[in-house]
Amino acid sequence: MITFRQKGDFSHLTKFLERAKEVVRLGDLDKYGRAGVAALASATPVDSGLTASSWYYEITNKNGTATISFRNSNIQNGVPIAIILQYGHGTGTGGWVEGRDYINPAIQPIFDQIANDAWKEVERL
């Protein structure tokens with residue numbers, strides 16, 4: 001977490017934050033998106049490989065907030081396969097296939113890298 005403390009006039013803090021905002025460009029986020037897709041693809045349990053190869057990312061910028069969303073396009077009968085691999089699912093014969101937490105461990109290093117790189121940029125300013 002990043003904390004700012006300011007006494008009195010907030011103009012210096014405002015200028016600092018405006019400069020910091022300019023440092024992060026949406027194009028710079030592409031490398032994190034590509035790294036996240038690669039991490040998810042390599043961690044996805046493989047049967048046919050379709051789910052592993054169906055990861056993609058979207059970067060949006062709304063009201064000054066950039067968001068990276070990781071998505072998977074392998075949907076069978078309205079069911080997102082990547083999600084049922086993560087959380088588990090019932091079988092047609094009444095059984096249960098236990099899920100495997102593969103998404104969180106795969107993507108956590110990418111989030112850590114984003115935080116580290118952002119902090120380095122803040123210190124540089």
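Asn61 stands opposite Ala66 in strand 2, a strand being a DSSP run of E of at least two residues and a helix a run of H or I of at least four, each numbered from the N terminus. The model is a predicted one, in which local features need pLDDT of at least 70 and side-chain atom pairs count only at pLDDT 80 or more, whereas totals for chains, interfaces and linings use all residues. Residues are numbered from 1 along each chain as its sequence is written, and side-chain values use heavy atoms, with hydrogens and water left out.

Close to this pair in the numbering, Thr60 has Thr67 of strand 2 as its bridge partner. Strand 1 (residues 55-62) and strand 2 (residues 65-72) run antiparallel and are joined by 8 bridges; two strands pair if DSSP finds at least two bridges between them. Together they form a hairpin with 2 residues between the strands. In the turn, Asn63 has a positive phi of about 55°.

Ser54 lies in the loop that links helix 2 (30-43) to strand 1. Is Ser54 buried or exposed? Its relative accessibility is 9%, so Ser54 counts as buried; buried means under 20% relative accessible area, exposed over 50%, and partly exposed in between, with a 1.4 Å probe and protein chains only. Leaving aside residues up to four places away in sequence, Ser54 touches Arg71, Asn72, Ser73 and Asn74, where contact means heavy atoms within 4.5 Å.

Helix 2 also takes part in a helix pair. Two packed helices are described by the angle between their axes and the distance between the axes. The axes of helix 2 and helix 4 (residues 103-124) come within 8 Å and cross at roughly 160°. These axes are lines fitted to C-alpha atoms over the stretch in contact, and angles run from 0 to 180 degrees between N-to-C directions. Helix 2 is therefore roughly antiparallel to helix 4, since angles over 145 degrees count as roughly antiparallel, under 35 as roughly parallel, 65 to 115 as roughly perpendicular and the rest as oblique. From helix 2, the contact is made by Lys31, Tyr32, Ala35, Gly36, Ala39, Leu40 and Ala43. Helix 4 contributes Ile103, Ala106, Ile107, Ile110, Gln113, Ile114 and Asp117. The residues of this contact divide into 10 nonpolar, 2 polar and 2 charged; Ala, Val, Leu, Ile, Met, Phe, Trp, Tyr, Cys and Pro count as nonpolar, Asp, Glu, Lys and Arg as charged, and the others, Gly among them, as polar.

Two further positions may be considered. Asn77 lies in the loop between strand 3 (75-76) and strand 4 (79-80). Its phi is near 50°, a positive value in a residue other than glycine, and at 80% relative accessibility Asn77 counts as exposed. Glu98 is found in strand 6 (residues 96-98) and, at 65% relative accessibility, likewise counts as exposed. The C-alpha atoms of Glu98 and Gly88 are separated by 4.6 Å, although these residues are 10 apart along the chain.

As a whole, the protein has 4 helices and 6 strands, which follow the pattern α-α-β-β-β-β-α-β-β-α along the sequence. Of its 125 residues, 24% are buried.
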